[in-house]
Amino acid sequence: MNNRDEAFVNFQGPVGVLTTSAGAPVPYTDATNTLNAQLIYNTFFMDSITSVNRERIPERVNHGKGAGAFGYFQVTRNVSHIFKADFLKKVGTKTPVAVRFSQALSDRGSPEVTREGRGFAVKFYTKEGNFDLPGNSIPVYFYKDPIYFNRFLHALKRNPATNLIDPHTLWDLITLAPETLNNFLRVFSDAGIPTSYRNMPGYPIHTHQVENKNGECNFVRFHFLPDGGIKYLMSEEARNLNVMDPDYMTRDLYRAIGNGDFPSWTLHIQILSEADVKKAGPKVFDVTRIIPLKEHPLHEVGKLVLDRNPKNYFAEVEQLAFSPSNLVPGMLGSPDKIYEGRKLAYRDTQCYRLGKNFNKMTVNCPFRVRTFTYNRDGVSPVRDNEEDIPNYYPNSFHGPVPYMTKPRSSLIKIIETQPDNFDQIQEFVNELKTDEKSRLIENLVYSLQTVFEPLQRKAVDIFTSINVDLGNGVANGLNMTKCY
Ligand code: HEM
């Protein structure tokens, strides 16, 4: 097997003459030796030192560490009765995609074989503009009120005093908001460490409102399921791998694609009609709950295949910008509050992280559409900056105009209620096999063992209310005096 995780494999000689960023050819002495030379006259030195000093940009506030790849999505089943979006209209239609896998909480330089939820974000470059599905590896989210975002990020990332990841703040947060356990207990189960990104499922979670060409409305949850099967690493194995190869997940993906062993996923949807939604009520929009497959089974839509590695990581992956607000006609997003919060948050942080023209960067550009906006200027890239087209709307000249349509479809209104998901986490724990439950207990004990006792006790009380064996198992593992 050819282990193609090395990107530099071309020994055929230089691509050309070295130049400064302004294009001047660089003499050999300027590039190799500045000892006894006047630096101010060495344009190559000045050019490169001022450039390297400015290389770092802010990392993502979450999902900092990640790997990306490119490929296509192809429709394999007729789903035109559900979707009018052009890229899903016909069996066989192929759409280019960019995908970024990530660790939800780890910083940009972190080791990869950690126990945490992971991101699985897909950008479809459609003929109607970009459509993004930033999803996670766990099918439910932690909370359903976007007000939690700041609290979560701060409690789960580094402690402001010690700059360490802090299990006390993690368990403080969980025990103050135990409804998050429908997510967290899945992360502490085998599902918390996938064998590789190739074996990881992707769940965009939200229940999306969608329309077909007749304007009929349905609601769908998307599921990307790996064709290589969903597989997980055991904790011990993961700890060893983390020491042996901290970049294991990125290397595995890069190597597989480099070797022509292209990973693929089948996209499925769960479908709910308007009548289903009326009958079930707002809980089907609750991102802290799954929609049971036995009530709404999966329907195949198409295949996602990754067949190209990035040629340049920074340009093509670090600069990738996904957003739940990147929607196309017939895809309305979700009426829940988390979706609404996300529509603002991603664009806002990307304006800071990448500059306001981030959609003009090659990897984010909706390259299958000719865009016409009234946005102008600002930090690069501005590309042609819309040349001499008028820069305000409305105008009497030749500026772009909105398209005429029937009144715009809008998201249905839902009344949100407090999360109520203990039934689902109870069912999840009850259905674990004995060995799976033992591993869940071990993983919880491993995380809780260094935490202050009052927090341990609160956690054990909550586990006991979910499942008595779980509570007892963790209490025993922590050598707590109180047994249930
Ligand atoms: C209140 C709720 C949420 C807020 C405010 C929020 C906010 C953010 C922000 C600010 C980023 C960084 C984006 C960037 O720098 O490009 C991000 C990344 C991400 N979020 Fe969320 N998020 C929320 C919920 C969710 C949910 C429910 C999911 C999964 C369905 C999710 C999946 C992701 C993924 C996959 C990324 C990484 C995207 C990439 O690879 O670039 N987030 N989120």
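Q: What makes E386 count as partly exposed?
A: It comes down to a neighbour count. A residue is buried if 20 or more other C-beta atoms lie within 10 Å of its own, exposed if 12 or fewer, and partly exposed in between, with C-beta atoms placed from the backbone. E386 has 17 C-beta neighbours inside 10 Å, so it counts as partly exposed. Keep in mind that this is a predicted model, where local features need pLDDT of at least 70 and side-chain atom pairs count only at pLDDT 80 or more, while totals for chains, interfaces and linings use all residues. Residue numbers start from 1 along each chain as its sequence is written.

Q: Which peptide bonds are cis, and how do you know from omega?
A: One joins S380 and P381, with omega about 5 degrees. Another runs from Y393 to P394, where omega is near -5 degrees. P381 is in the loop between α10 and α11 (422-430), and P394 is found in the loop between α10 and α11 too.

Q: Is L304 buried or exposed, and what makes it so?
A: With 25 other C-beta atoms within 10 Å, L304 is buried. L304 is part of strand β8. Two residues are in contact if their C-beta atoms, placed from the backbone, lie within 7 Å. Not counting residues up to four places away in sequence, L304 touches G71, F73, V97, V122, F224, S264, W265 and L267.

Q: How far apart are L304 and V99 in sequence and in space?
A: They are 205 residues apart in sequence, yet 9.7 Å apart C-alpha to C-alpha.

Q: What makes the largest nonpolar core a core, and which residues have the most contacts inside it?
A: A nonpolar core is a set of buried Ala, Val, Leu, Ile, Met, Phe, Trp, Tyr and Cys residues joined through C-beta atoms within 7 Å. The largest has 56 residues, and V97, V99 and L253 have the most contacts inside it. Elements that each supply at least two of its residues include β1 (66-75), β6 (217-226), α7 (248-258) and β8 (298-308). There is also a second, separate core of 32 residues, with V140, F188, L440 and L470 among its members.

Q: Which residues is V97 in contact with?
A: Leaving aside neighbours within four places in sequence, the partners of V97 include F70, Y72, F124, Y125 and L304.

Q: Why is I271 partly exposed?
A: I271 has 18 other C-beta atoms within 10 Å, so it is partly exposed. I271 lies in strand β7. Setting aside neighbours within four places in sequence, I271 is in contact with I82, N218, V220, H296 and H299.

Q: What is known of the shell around the ligand?
A: There are 29 residues around the ligand, of which R60, H63, R100, G119 and P146 come nearest; being near means a C-beta atom, placed from the backbone, within 6 Å. β2 (94-103), β3 (118-126), β4 (129-136) and α10 (337-354) are the elements that give two or more residues to this shell. The largest share, eight residues, comes from α10.

Q: How do you know how compact the protein is?
A: The radius of gyration is taken over C-alpha atoms, and the globule rule is 2.2 Å times the number of residues to the power 0.38. First, the protein has 14 helices and eight strands. Its radius of gyration is 25 Å, close to the 23 Å that the rule gives for 484 residues, so the protein is as compact as a globular protein of that length. Its C-alpha trace spans about 75 × 65 × 45 Å along the principal axes, and 35% of the 484 residues count as buried.

Methods:
Helices (H or I, at least four residues) and strands (E, at least two) are DSSP runs, numbered from the N terminus.
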